[in-house]
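Here's a quick briefing to read alongside the picture. Keep the viewer open and find each spot as you go.

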Amino acid sequence: MKLIFLGPPGAGKGTLAAQAVRMLRIPHISTGAIFRSAIGAQSPLGIKVAAIIGAGKLVDDATTIALVQERLAQEDARTGYILDGFPRTIPQAQALAGFSVVDRVINFDLSDAAVVERLTGRRVCRNCGVNYHILFNAPKREGVCDSCGGELLIRDDDREGAIHKRLQVYRDQTAPLIDFYRAQGLLVDVDARPPADTVAAYFKRAAGLD
Ligand code: ADP
Ligand code: ADP
Ligand code: ZN
C-alpha cells in the first residue's frame with residue numbers, strides 16, 4: 001500500500017506512521033527525518049538545509065523531489081510506503097505523480113490551537129528519533145528516551161517563532177494539496193484530535209484495513 005500522510009505540523013503523522021509501519025511492514029519515509037539526520041551528520045545536504053528548517057521554511061522543491069525519488073527507487077519501497085511530510089507543495093505532488101502512483105492520501109485534520117499545544121510539548125530523542133509529548137505521551141523519566149535511554153531535545157523548529165511560520169507555510173503551500181487530492185478521489189479525512197490509539201483506529205478504517 002502506497003500512502004501519503006498529509007496534515008499540519010504536529011498533527012501526529014509521525015507518531016501514527018511509526019505504529020502503522022509495524023502493522024503494514026512498509027517503510028516510513030519522512031522527509032523531515034531525513035533532513036534532520038543529514039543535519040546531525042553535517043553532510044552537504046544537512047549544511048544546506050539547517051537554517052531553512054530552523055526558520056520553519058520549506059526546503060526547495062528540486063532538492064526535496066530528488067531526495068524522495070531516490071528513496072522510492074530503493075527495493076524496500078517497491079510494494080508500499082508511508083510518505084510522511086511529502087509532498088508539501090503542488091509542484092512536489094505533480095513530480096511525485098510522475099514517478100509513483102499512490103493508493104490513498106490520509107488527511108490529518110487538527111486546529112491551529114491544538115497544533116501549537118502539540119508542538120510546544122513535543123520532545124524528540126537525540127539518538128533514535130522517537131517522539132514524546134510532555135503531557136500527552138510523557139517518557140517514564142523526564143528528559144530520557146524510554147526505548148534507548150537517549151537524551152530528549154526540543155526541535156529547533158518547535159519554538160514559538162518557527163511554529164507560527166510553519167503554520168503559515170502549511171496554510172499557503174501545503175493545504176492546497178487537500179483539494180488537489182480530493183479532486184482525484186484519493187483523499188480520506190482523519191480526525192486527529194483524539195488520543196493516539198483512537199486516531200490509529202480511524203486510520204485503519206480510512207486505509208481500508210479493518
Ligand atoms: P512536521 O513535524 O512539521 O510535520 P517534518 O519533520 O515533516 O515536520 O519537517 C520538518 C521540516 O523539514 C519542515 O518544516 C521543512 O523545513 C522541512 N521539510 C520536510 N519535508 C519537506 C518537504 N516535503 N518540502 C520542503 N521542506 C520539507
Ligand atoms: P507530526 O509528525 O505530524 O509533526 P508528531 O507525530 O510528531 O506529529 O506529533 C506531534 C506531538 O504530538 C508529539 O509530541 C506527539 O507525541 C504528540 N501526539 C501525537 N499524536 C497525538 C495524539 N493523538 N494526541 C495527543 N498528542 C499526540
Ligand atoms: Zn531513543
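Around ligand 2, the helices α1 (13–24) and α9 (196–206) and the strand β6 each supply at least two residues of the shell. Helices here are DSSP runs of H or I with at least four residues, strands are runs of E with at least two, and both are numbered from the N terminus. This is a predicted model, where local features need pLDDT of at least 70, side-chain atom pairs count only at pLDDT 80 or more, and totals for chains, interfaces and linings use all residues. Residues are numbered from 1 along each chain as its sequence is written, chains are lettered from A and ligands numbered from 1 in the order written, and side-chain values use heavy atoms, with hydrogens and water left out.

**Ligand 2**

- Its shell has 18 residues, and Lys13, Thr15, Arg122, Asn131 and Tyr132 come nearest; a residue is in if one of its heavy atoms lies within 4 Å.
- A polar backbone atom of Ala196 is 3.1 Å from a nitrogen atom of ligand 2.
- On its own, ligand 2 has 560 Å² of accessible area (Shrake-Rupley method, 1.4 Å probe), and the protein covers 92% of it.

**Ligand 1**

- Of the 19 residues around ligand 1, the nearest are Pro9, Thr31, Arg36, Lys57 and Arg166.
- Helix α2 (residues 31–41) gives the largest share of this shell, four residues.
- A polar backbone atom of Lys57 lies 2.6 Å from an oxygen atom of ligand 1.
- Taken alone, ligand 1 exposes 550 Å², and the protein buries 97% of that.

**The zinc ion (ligand 3)**

- The SG atoms of Cys125, Cys128, Cys145 and Cys148 coordinate the zinc ion at 2.3 to 2.4 Å; donors are N, O and S atoms within 2.8 Å of the metal (3.2 Å for Na, K and Ca).
- Why is the arrangement called tetrahedral? Because the four donor atoms subtend angles of 97 to 115° around the zinc ion, and four donors count as tetrahedral if all angles lie between 85 and 135 degrees.
- In sequence, the donor residues are spaced C-x2-C-x16-C-x2-C.
- Cys128 is partly exposed at 38% relative accessible area, and Cys148 is partly exposed at 34%; that label covers values between buried (under 20%) and exposed (over 50%), using a 1.4 Å probe and protein chains only.

How values were computed
Four donors count as tetrahedral if all angles lie between 85 and 135 degrees; four count as square planar and six as octahedral if opposite donors are over 155 degrees apart and all others between 65 and 115; anything else is irregular. A polar contact is a pair of N or O atoms within 3.5 Å; within protein, one must be able to donate a hydrogen and the other to accept it, and residues adjacent in sequence count only if both atoms are side-chain atoms.
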